[in-house]
Amino acid sequence: MTKLCFKLPELSNSGNLESFSRLFAKSSGNLTAKFSGVAITLTALAGVFVAIPSKAATLVDLELALLVDVSGSVDTTEFNLQRAGYVNAFNNPAVWNVIDGLKNNGGTGKIAATFVYWSTTGTQQQAVNWTLIDSFAASQGFASAIGAAARPFTGGTNPGSAINFIVPRFGTETGGTENGFTSLRQVIDVSGDGSGPSTTATARDNALASGIDAINGLAILGSESGLEAWYNNNIKGGSNSFVKVANTFGDFTTAVEDKITLEIQQGQPPTTAVPEPFTVVGTLVGGAAAFRLRKRFKATNKL
Ligand SMILES: [Ca+2]
(Lines give C-alpha, C1' and ligand atoms only; values in the text may rest on other atoms or scores of the structure.)
Protein backbone atom coordinates (compact mmCIF):
# COMPACT_ATOMS: atom_id res chain seq x y z
CA MET A 1 0.00 0.00 0.00
CA THR A 2 1.27 3.44 -0.87
CA LYS A 3 1.56 5.59 2.21
CA LEU A 4 1.01 9.30 2.14
CA CYS A 5 3.53 11.13 4.26
CA PHE A 6 3.52 14.48 6.02
CA LYS A 7 6.71 16.06 7.16
CA LEU A 8 6.35 17.49 10.60
CA PRO A 9 8.22 20.73 11.18
CA GLU A 10 10.21 21.11 14.36
CA LEU A 11 7.81 21.31 17.28
CA SER A 12 10.28 23.01 19.55
CA ASN A 13 8.14 25.79 20.96
CA SER A 14 4.54 26.82 21.34
CA GLY A 15 4.77 29.30 18.47
CA ASN A 16 5.82 26.57 16.12
CA LEU A 17 3.06 24.34 17.42
CA GLU A 18 0.47 26.99 16.67
CA SER A 19 1.97 27.53 13.24
CA PHE A 20 2.01 23.82 12.61
CA SER A 21 -1.62 23.40 13.55
CA ARG A 22 -2.52 26.10 11.05
CA LEU A 23 -0.22 24.55 8.48
CA PHE A 24 -1.95 21.25 9.00
CA ALA A 25 -5.34 22.90 8.62
CA LYS A 26 -4.17 24.28 5.26
CA SER A 27 -2.68 20.96 4.20
CA SER A 28 -5.77 19.02 5.12
CA GLY A 29 -7.88 21.49 3.20
CA ASN A 30 -5.75 21.04 0.10
CA LEU A 31 -5.83 17.31 0.42
CA THR A 32 -9.56 17.18 0.96
CA ALA A 33 -9.98 19.30 -2.16
CA LYS A 34 -7.63 17.10 -4.15
CA PHE A 35 -9.41 13.93 -3.10
CA SER A 36 -12.91 15.37 -3.22
CA GLY A 37 -13.70 13.49 -6.42
CA VAL A 38 -13.68 10.21 -4.56
CA ALA A 39 -14.99 11.64 -1.31
CA ILE A 40 -11.92 10.69 0.67
CA THR A 41 -11.37 12.86 3.71
CA LEU A 42 -8.21 13.23 5.71
CA THR A 43 -9.90 11.74 8.72
CA ALA A 44 -10.74 8.61 6.77
CA LEU A 45 -7.12 8.30 5.71
CA ALA A 46 -5.73 8.74 9.21
CA GLY A 47 -4.82 5.10 9.48
CA VAL A 48 -2.38 5.20 6.57
CA PHE A 49 -0.67 8.47 7.38
CA VAL A 50 2.73 8.39 8.95
CA ALA A 51 4.65 11.31 10.36
CA ILE A 52 8.24 11.85 9.34
CA PRO A 53 10.07 14.42 11.44
CA SER A 54 11.90 16.67 8.98
CA LYS A 55 15.28 18.12 9.71
CA ALA A 56 15.53 19.62 6.24
CA ALA A 57 12.54 21.93 6.08
CA THR A 58 12.57 25.13 8.12
CA LEU A 59 9.19 26.37 9.30
CA VAL A 60 8.54 29.98 8.26
CA ASP A 61 5.45 32.16 8.24
CA LEU A 62 5.60 33.01 4.56
CA GLU A 63 7.33 31.88 1.38
CA LEU A 64 7.50 34.92 -0.89
CA ALA A 65 8.60 34.82 -4.53
CA LEU A 66 9.53 38.17 -6.09
CA LEU A 67 9.09 38.03 -9.89
CA VAL A 68 10.76 40.97 -11.58
CA ASP A 69 10.20 42.10 -15.19
CA VAL A 70 13.39 42.54 -17.23
CA SER A 71 11.70 42.61 -20.64
CA GLY A 72 12.78 44.96 -23.40
CA SER A 73 10.56 47.82 -22.24
CA VAL A 74 12.67 48.05 -19.07
CA ASP A 75 15.76 50.05 -19.98
CA THR A 76 19.00 49.95 -18.00
CA THR A 77 18.14 52.96 -15.83
CA GLU A 78 14.73 51.48 -15.04
CA PHE A 79 16.23 48.07 -14.34
CA ASN A 80 18.62 49.63 -11.84
CA LEU A 81 15.82 51.56 -10.13
CA GLN A 82 13.67 48.44 -9.96
CA ARG A 83 16.42 46.28 -8.49
CA ALA A 84 17.38 49.06 -6.07
CA GLY A 85 13.79 49.10 -4.85
CA TYR A 86 14.08 45.51 -3.67
CA VAL A 87 17.55 46.10 -2.23
CA ASN A 88 16.28 49.10 -0.28
CA ALA A 89 13.27 47.20 1.00
CA PHE A 90 15.29 44.39 2.56
CA ASN A 91 17.88 46.85 3.89
CA ASN A 92 15.09 48.78 5.61
CA PRO A 93 14.88 47.99 9.36
CA ALA A 94 11.16 48.78 9.21
CA VAL A 95 10.62 45.86 6.83
CA TRP A 96 12.62 43.55 9.09
CA ASN A 97 10.57 44.73 12.08
CA VAL A 98 7.42 43.63 10.30
CA ILE A 99 8.92 40.17 9.76
CA ASP A 100 10.11 39.96 13.36
CA GLY A 101 6.71 41.17 14.53
CA LEU A 102 5.07 38.02 13.20
CA LYS A 103 6.20 36.41 16.45
CA ASN A 104 3.74 38.60 18.33
CA ASN A 105 0.85 36.66 16.88
CA GLY A 106 2.10 33.13 17.25
CA GLY A 107 4.28 33.09 14.15
CA THR A 108 7.93 32.21 13.81
CA GLY A 109 9.13 35.71 12.87
CA LYS A 110 10.82 34.16 9.85
CA ILE A 111 10.10 34.22 6.14
CA ALA A 112 11.78 32.70 3.09
CA ALA A 113 12.09 34.73 -0.09
CA THR A 114 13.43 34.24 -3.60
CA PHE A 115 14.16 36.74 -6.39
CA VAL A 116 13.37 35.84 -10.00
CA TYR A 117 13.99 37.69 -13.24
CA TRP A 118 11.54 37.07 -16.08
CA SER A 119 10.92 38.14 -19.64
CA THR A 120 9.28 36.22 -22.45
CA THR A 121 7.88 32.68 -22.59
CA GLY A 122 10.21 30.19 -20.93
CA THR A 123 12.71 32.91 -20.07
CA GLN A 124 13.19 33.09 -16.30
CA GLN A 125 16.10 32.99 -13.89
CA GLN A 126 15.88 32.34 -10.14
CA ALA A 127 18.61 34.90 -9.55
CA VAL A 128 18.55 34.56 -5.73
CA ASN A 129 17.49 31.17 -4.43
CA TRP A 130 15.16 30.67 -1.47
CA THR A 131 16.74 32.51 1.45
CA LEU A 132 15.83 32.36 5.13
CA ILE A 133 15.21 35.81 6.59
CA ASP A 134 15.25 35.36 10.34
CA SER A 135 17.28 38.42 11.40
CA PHE A 136 18.04 41.92 10.15
CA ALA A 137 21.47 40.68 9.09
CA ALA A 138 19.84 37.93 7.04
CA SER A 139 17.51 40.50 5.46
CA GLN A 140 20.53 42.64 4.56
CA GLY A 141 22.24 39.57 3.14
CA PHE A 142 19.24 38.91 0.91
CA ALA A 143 19.36 42.56 -0.19
CA SER A 144 23.06 42.21 -1.05
CA ALA A 145 22.38 39.10 -3.11
CA ILE A 146 19.68 40.95 -5.06
CA GLY A 147 22.04 43.87 -5.61
CA ALA A 148 24.63 41.48 -7.03
CA ALA A 149 22.16 39.74 -9.36
CA ALA A 150 23.04 40.96 -12.84
CA ARG A 151 20.41 41.26 -15.51
CA PRO A 152 20.53 37.95 -17.39
CA PHE A 153 18.47 38.70 -20.50
CA THR A 154 15.82 40.91 -22.04
CA GLY A 155 13.00 40.24 -24.51
CA GLY A 156 9.22 39.96 -24.61
CA THR A 157 6.74 40.06 -21.74
CA ASN A 158 5.08 36.95 -20.36
CA PRO A 159 4.39 37.16 -16.61
CA GLY A 160 2.19 34.05 -16.79
CA SER A 161 5.16 31.98 -17.91
CA ALA A 162 7.08 33.34 -14.90
CA ILE A 163 4.21 32.30 -12.62
CA ASN A 164 4.26 28.81 -14.14
CA PHE A 165 8.03 28.71 -13.57
CA ILE A 166 7.92 29.54 -9.88
CA VAL A 167 4.89 27.55 -8.67
CA PRO A 168 6.61 24.15 -8.27
CA ARG A 169 9.63 25.86 -6.72
CA PHE A 170 7.59 26.60 -3.60
CA GLY A 171 8.00 22.91 -2.86
CA THR A 172 5.65 20.44 -1.32
CA GLU A 173 2.92 23.02 -0.65
CA THR A 174 2.34 23.39 -4.39
CA GLY A 175 3.10 19.86 -5.54
CA GLY A 176 6.80 20.46 -6.22
CA THR A 177 10.00 19.10 -4.73
CA GLU A 178 10.97 20.13 -1.19
CA ASN A 179 12.55 23.60 -1.28
CA GLY A 180 13.90 23.65 2.26
CA PHE A 181 11.04 25.63 3.77
CA THR A 182 7.60 24.80 5.09
CA SER A 183 5.05 27.58 5.39
CA LEU A 184 1.43 28.33 5.99
CA ARG A 185 1.29 30.91 3.23
CA GLN A 186 2.84 30.99 -0.24
CA VAL A 187 2.71 34.29 -2.11
CA ILE A 188 3.86 35.38 -5.58
CA ASP A 189 4.74 39.01 -6.16
CA VAL A 190 4.86 40.18 -9.79
CA SER A 191 6.25 43.55 -10.81
CA GLY A 192 6.40 44.89 -14.33
CA ASP A 193 5.65 47.71 -16.73
CA GLY A 194 3.71 45.88 -19.43
CA SER A 195 0.85 43.50 -20.06
CA GLY A 196 1.25 39.91 -21.26
CA PRO A 197 -0.69 37.42 -23.34
CA SER A 198 -4.20 36.19 -22.51
CA THR A 199 -2.73 33.00 -21.04
CA THR A 200 -1.58 35.04 -18.04
CA ALA A 201 -4.93 34.70 -16.26
CA THR A 202 -4.86 30.94 -16.86
CA ALA A 203 -1.40 30.75 -15.27
CA ARG A 204 -2.72 32.70 -12.29
CA ASP A 205 -5.72 30.41 -11.92
CA ASN A 206 -3.55 27.30 -12.20
CA ALA A 207 -1.16 28.66 -9.56
CA LEU A 208 -4.00 29.25 -7.13
CA ALA A 209 -5.36 25.77 -7.84
CA SER A 210 -1.90 24.35 -7.07
CA GLY A 211 -1.92 25.86 -3.59
CA ILE A 212 -0.52 29.37 -4.01
CA ASP A 213 -2.41 31.61 -1.56
CA ALA A 214 -2.10 34.94 -3.30
CA ILE A 215 -0.59 36.61 -6.35
CA ASN A 216 -0.05 40.33 -5.97
CA GLY A 217 0.97 42.85 -8.59
CA LEU A 218 3.05 45.98 -8.73
CA ALA A 219 2.25 47.77 -11.97
CA ILE A 220 4.82 50.34 -13.03
CA LEU A 221 2.84 52.92 -14.94
CA GLY A 222 3.99 55.26 -17.67
CA SER A 223 4.74 53.08 -20.67
CA GLU A 224 1.38 51.36 -21.16
CA SER A 225 -2.11 52.73 -20.55
CA GLY A 226 -4.57 50.57 -18.66
CA LEU A 227 -1.81 48.54 -17.02
CA GLU A 228 -3.26 48.74 -13.50
CA ALA A 229 -6.56 47.33 -14.74
CA TRP A 230 -4.73 44.61 -16.68
CA TYR A 231 -2.83 43.59 -13.54
CA ASN A 232 -6.09 43.52 -11.59
CA ASN A 233 -7.77 41.33 -14.19
CA ASN A 234 -4.92 38.99 -15.07
CA ILE A 235 -2.31 38.88 -12.28
CA LYS A 236 -4.15 39.56 -9.02
CA GLY A 237 -5.73 36.55 -7.36
CA GLY A 238 -6.16 34.65 -4.11
CA SER A 239 -6.87 35.63 -0.53
CA ASN A 240 -6.18 39.27 0.40
CA SER A 241 -4.48 39.83 -2.96
CA PHE A 242 -3.90 43.33 -4.24
CA VAL A 243 -2.28 45.46 -6.93
CA LYS A 244 -0.16 48.47 -6.09
CA VAL A 245 1.14 50.97 -8.59
CA ALA A 246 4.33 52.95 -9.03
CA ASN A 247 3.65 55.96 -11.19
CA THR A 248 7.22 55.89 -12.44
CA PHE A 249 10.26 53.69 -11.96
CA GLY A 250 11.45 56.45 -9.62
CA ASP A 251 8.54 55.69 -7.28
CA PHE A 252 9.47 52.07 -7.14
CA THR A 253 11.28 51.95 -3.79
CA THR A 254 8.31 53.32 -1.87
CA ALA A 255 5.87 51.11 -3.74
CA VAL A 256 7.88 47.91 -3.27
CA GLU A 257 8.44 48.57 0.45
CA ASP A 258 4.71 49.15 0.93
CA LYS A 259 3.94 46.02 -1.04
CA ILE A 260 6.37 43.74 0.75
CA THR A 261 5.28 45.10 4.13
CA LEU A 262 1.66 44.33 3.33
CA GLU A 263 2.55 40.86 2.06
CA ILE A 264 4.46 40.06 5.22
CA GLN A 265 1.69 41.39 7.45
CA GLN A 266 -0.74 39.17 5.62
CA GLY A 267 1.51 36.28 6.57
CA GLN A 268 0.40 36.75 10.15
CA PRO A 269 -1.43 33.76 11.47
CA PRO A 270 -5.15 34.42 11.89
CA THR A 271 -6.28 35.54 15.31
CA THR A 272 -9.29 33.24 15.23
CA ALA A 273 -9.28 29.96 17.10
CA VAL A 274 -7.33 27.12 15.53
CA PRO A 275 -7.53 23.38 16.16
CA GLU A 276 -5.82 22.30 19.34
CA PRO A 277 -2.41 21.07 18.16
CA PHE A 278 -2.48 17.68 19.81
CA THR A 279 -5.95 16.94 18.51
CA VAL A 280 -4.57 17.49 15.02
CA VAL A 281 -1.38 15.57 15.66
CA GLY A 282 -3.37 12.81 17.30
CA THR A 283 -5.48 12.43 14.18
CA LEU A 284 -2.33 12.27 12.12
CA VAL A 285 -0.11 9.89 13.97
CA GLY A 286 -2.41 8.08 16.35
CA GLY A 287 -3.08 8.34 20.04
CA ALA A 288 0.08 6.73 21.32
CA ALA A 289 2.38 9.00 19.36
CA ALA A 290 0.37 12.04 20.39
CA PHE A 291 0.74 11.04 24.02
CA ARG A 292 4.51 10.86 23.62
CA LEU A 293 4.55 14.27 21.90
CA ARG A 294 2.40 15.78 24.63
CA LYS A 295 4.73 14.44 27.28
CA ARG A 296 7.75 15.84 25.46
CA PHE A 297 6.04 19.19 24.91
CA LYS A 298 5.02 19.39 28.55
CA ALA A 299 8.53 18.56 29.67
CA THR A 300 9.96 21.23 27.39
CA ASN A 301 7.44 23.92 28.16
CA LYS A 302 6.73 23.13 31.85
CA LEU A 303 2.97 23.02 31.35
CA1 LIG B 1 7.91 25.13 0.71
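This is a predicted model: local features need pLDDT of at least 70, side-chain atom pairs count only at pLDDT 80 or more; totals for chains, interfaces and linings use all residues.
Reader: Which strand runs parallel to strand 4?
Author: Strand 3 and strand 4 run parallel and are joined by eight bridges, and the bridge partner of E63 in strand 4 is A112.

Reader: Why is strand 4 (residues 111-118) called largely enclosed?
Author: A residue is buried if 20 or more other C-beta atoms, placed from the backbone, lie within 10 Å of its own, exposed if 12 or fewer do, and partly exposed in between. Eight of the eight residues of strand 4 are buried, so the strand is largely enclosed by the rest of the structure. I111, A113, F115 and Y117 point one way, while A112, T114, V116 and W118 point the other way, and all are buried.

Reader: Why does Q125 count as partly exposed?
Author: Q125, which has its place in strand 5, has 18 C-beta neighbours inside 10 Å and therefore counts as partly exposed. Leaving out residues up to four places away in sequence, Q125 touches V116, Y117 and P152, where a contact means that the two C-beta atoms, placed from the backbone, lie within 7 Å.

Reader: What makes a set of residues a nonpolar core, and which members touch the most others in the largest one?
Author: A nonpolar core is a set of buried Ala, Val, Leu, Ile, Met, Phe, Trp, Tyr and Cys residues joined through C-beta atoms within 7 Å. The largest one has 63 residues, of which L66, L67, I111, V116, I166 and I188 touch the most other members. Strand 3 (residues 58-69) gives the most to this core, with eight residues. Beyond its neighbours within four places in sequence, I166 is in contact with A65, L67, V116 and I188.

Reader: How do you know that the buried residues of helix 3 (residues 93-100) lie on the same side?
Author: The buried residues of helix 3 are V95, W96, V98 and I99. They cover an arc of only 155° around the axis, which puts them on the same side of helix 3; the arc is that of the directions from the helix axis to the C-beta atoms. The face turned away from the buried side carries the exposed residues P93, A94 and N97.

Reader: What is the mean pLDDT of the protein chain, and where does pLDDT stay under 50?
Author: pLDDT is the predictor's confidence in each residue, from 0 to 100, and its mean for the protein chain is 79, with 70% of the residues at 70 or more. It stays under 50 over residues 28-53 and over residues 270-303.

Conventions:
Residues are numbered from 1 along each chain as its sequence is written. Helices (H or I, at least four residues) and strands (E, at least two) are DSSP runs, numbered from the N terminus. Two strands pair if DSSP finds at least two bridges between them.
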